[in-house]
Amino acid sequence: MDRLIELLPDFWKAAGETLYMTTIALAMAGVLGTIIGIGLYVTRPGGLMPNRPIGLLIGLLVNFFRPIPFVIFLAVLQPFTRLVIGTGIGINAGAFAIGIAAAFAIGRIVEQHLVSVSPGVIEAARAMGAGPWRILLTVVMPEALGPLILGYTFVVVALIDMTAMAGAVGGGGLGAFALVYGFRQFEPLVMWAAIVLIVVFVHLVQSVGTWLARAIMRR
Amino acid sequence: MPIVSLSSVTKTYPPTGRDTAEVVAVDDVSLDIEKGDVYGIIGYSGAGKSTLVRLINALEPATSGRITVDGVDVTALSERELRRVRGGIGMIFQQFNLFSAKTVKANIAYPLKLAGWSRGDIDARVDELLRFVGLADKARSYPEQLSGGQKQRVGIARALATRPAILLADEATSALDPQTTHEVLDLLARVNREQGVTIVVITHEMDVIQTLATKVAVMEKGRVVEQGDVFEVFSRPRNPASQRFVGTVIKGIPSPAEQASLRARHRGRLVTFSFRDGDSSQARVFLDLAEAGLEFELVYGGINDIRGRAFGHLTLAIRGEDAAVDAALTTIRSHATVTEIDDPAEAPGRAERSGRAEPSGRGEGVR
């Protein structure tokens with residue numbers, strides 16, 4: 001317990017880093033992933049803007065990057081990370097790598113939720129004379145918004161998991177804190193304090209996401 | 001000039017697999033829909049009627065043939081130009097297809113926003129439409145809070161928002177119970193009557209045609225096998241498919257099983273007389289039979305009313321000398337349609353037949 005109190009400033013700093021990395025990564029992956037997801041969705045055969053070559057290309061890219069285990073992905077991405085961020089370690093580099101990796105996962109999640117929008121509703125909009133972009137932005141996205149928020153929430157939980165891994169290779173955050181000060185120094189209390197805080201984060205994010213999705217879907 | 005005209009229109013879909021043939025959904029269809037018509041298109045599922053209606057607003061491009069809507073050849077237009085044409089054609093659907101994330105008001109306002117109406121005009125128009133369909137209190141509700149009938153009324157309000165000249169109804173009542181179906185059909189009739197909107201109704205239910213349509217086309221395997229005035233098609237269906245559909249709502253012609261049952265219960269020759277408003281008279285038939293001194297009884301039949309005109313089928317068991325019966329039937333045949341039901345026990349060819357094929361409609365008893 002004394003050790004934990006002693007480490008408290010580092011603990012809060014680590015918590016702040018986890019929040020920072022998660023937020024940056026989510027913003028990045030959210031934007032990139034949504035674009036990828038929309039790309040996959042609209043280019044599908046029979047989609048809003050069917051385009052087989054582009055659809056295949058995006059699909060191939062996603063399928064190539066998504067299965068790479070994140071720890072390895074971090075290493076693979078290092079040269080690119082250094083190019084963009086200026087360094088390969090630290091929370092900014094970690095957030096960047098997480099953002100790229102999560103974008104591909106979000107891409108598939110977004111695609112799935114967009115596909116589940118009723119084709120009849122899209123046909124109704126077409127019958128009224130709406131064009132494909134208009135249908136995407138004013139019909140498909142609003143119709144899928146509730147499930148999309150649940151999808152993003154699901155991803156945030158995975159992102160927190162990824163920050164721990166990024167932390168292990170020099171990214172900082174609660175995961176690194178638990179490993180360095182808890183696990184390696186035989187301080188179970190320190191480790192558990194970090195775990196509990198991560199659980200609290202996850203729970204808060206999940207609650208907000210569920211509440212938001214419910215409010216939008218009115219269920 | 002017809003408001004919608006199809007000439008030799010065909011729609012084929014490419015084969016789905018290596019071993020399958022291409023699918024001909026609509027096969028060489030020609031039909032004209034006049035302004036103010038309620039044009040019914042009936043057929044079983046897979047007959048191609050849903051594809052046909054989507055050719056009219058070019059949601060599906062035709063493979064060949066010409067389709068003109070309000071004088072414009074839609075087969076020659078670009079996608080961008082088609083969007084403007086579609087804005088002038090309302091459409092309602094079996095599953096309503098309301099935007100679940102939008103309120104009733106926003107659903108109805110959507111096509112108006114597309115058409116570039118101002119906010120004030122949209123508000124006024126939405127209020128007017130909500131009152132017209134009787135949902136003035138539901139503006140802020142979401143579709144999931146409405147019953148099926150209310151959803152379809154919102155669908156109708158949304159389809160009529162931009163004051164289209166044509167309304168396409170694709171199985172608009174097929175997901176509704178009979179009572180609600182009736183309400184929606186009444187509303188559609190009012191749309192046609194009060195606003196002069198030409199309506200194209202796709203359905204597999206003959207009673208929808210019977211209550212709403214003025215003209216009807218019967219579709220089977222992608223082809224229009226019979227078309228014409230509703231009274232004509234109902235009172236004298238010529239195609240076997242039409243006869244089956246007419247038989248689902250028109251009572252009066254005994255089925256083969258019922259013929260056997262009638263024969264077992266009644267002596268004499270069974271003859272069906274078909275009457276149509278304007279060209280034949282029941283009274284004269286009975287008079288002719290009585291004058292020939294024949295004994296007869298009414299064993300089966302029904303009189304139907306289609307848009308204020310009546311027609312019906314009455315089956316009588318007639319007893320008397322064969323020659324006397326034949327003579328009476330010859331007389332009657334000059335002013336009414338006569339169909340003698342053959343007795344399978346006797347040699348074929350004895351009974352004289354009227355010129356038209358034996359009706360194959362089914363009846364459920366005397367009405």
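User: Which element gives the most to the lining of the largest pocket?

Analyst: In this predicted model, α5(A) does, with four residues. Elements giving two or more residues to that lining also include α4 (91-115) and α6 (132-171) of chain A and α2 (79-87) of chain B.

User: What makes a residue part of that lining?

Analyst: A lining residue has an atom within 4 Å of a pocket point. For the largest pocket, 32 residues line the space, and those nearest its centre are Gly46(A), Gly47(A), Leu48(A), Arg126(A) and Leu59(B). The pocket has a volume of about 780 Å³, and its lining has 22 nonpolar, four polar and six charged residues.

User: Why is the pair Arg54(B) and Glu123(A) called a salt bridge?

Analyst: Happy to walk through it! The cut-off is 4 Å between a side-chain nitrogen of Lys or Arg and a carboxyl oxygen of Asp or Glu. The closest N and O atoms of Arg54(B) and Glu123(A) are 2.4 Å apart, so the pair qualifies. The count between chain A and chain B is one salt bridge, while seven residue pairs across this interface are in polar contact. On the side of chain A that touches chain B, α5(A) gives the most, with seven residues.

User: How do you know that chain A and chain B touch, and how much area do they bury?

Analyst: Contact requires heavy atoms within 4.5 Å, and 20 residues of chain A are in contact with 23 residues of chain B. Together the chains bury about 1900 Å², 51% of it on carbon and sulfur atoms. In chain A, Arg126(A), Met128(A) and Arg218(A) lose the most area to chain B, together 34% of what that side buries.

Methods: Residues numbered from 1 in each chain as written. Chains lettered and ligands numbered in written order. Predicted model: local features only at pLDDT ≥ 70, side-chain atom pairs only at ≥ 80, totals over all residues. Heavy atoms only, no water. 1 Å grid on protein atoms, 1.4 Å probe; cavity = no way out; pocket = protein on both sides within 12 Å on 5 of 7 lines; lining within 4 Å. Points joined across faces, edges and corners; volume = space filled by probe spheres on them. Nonpolar A, V, L, I, M, F, W, Y, C, P; charged D, E, K, R; others polar. Buried area = accessible area lost by both parts, 1.4 Å probe. Polar contact = N/O pair within 3.5 Å; in protein donor to acceptor, adjacent residues only side chain to side chain.
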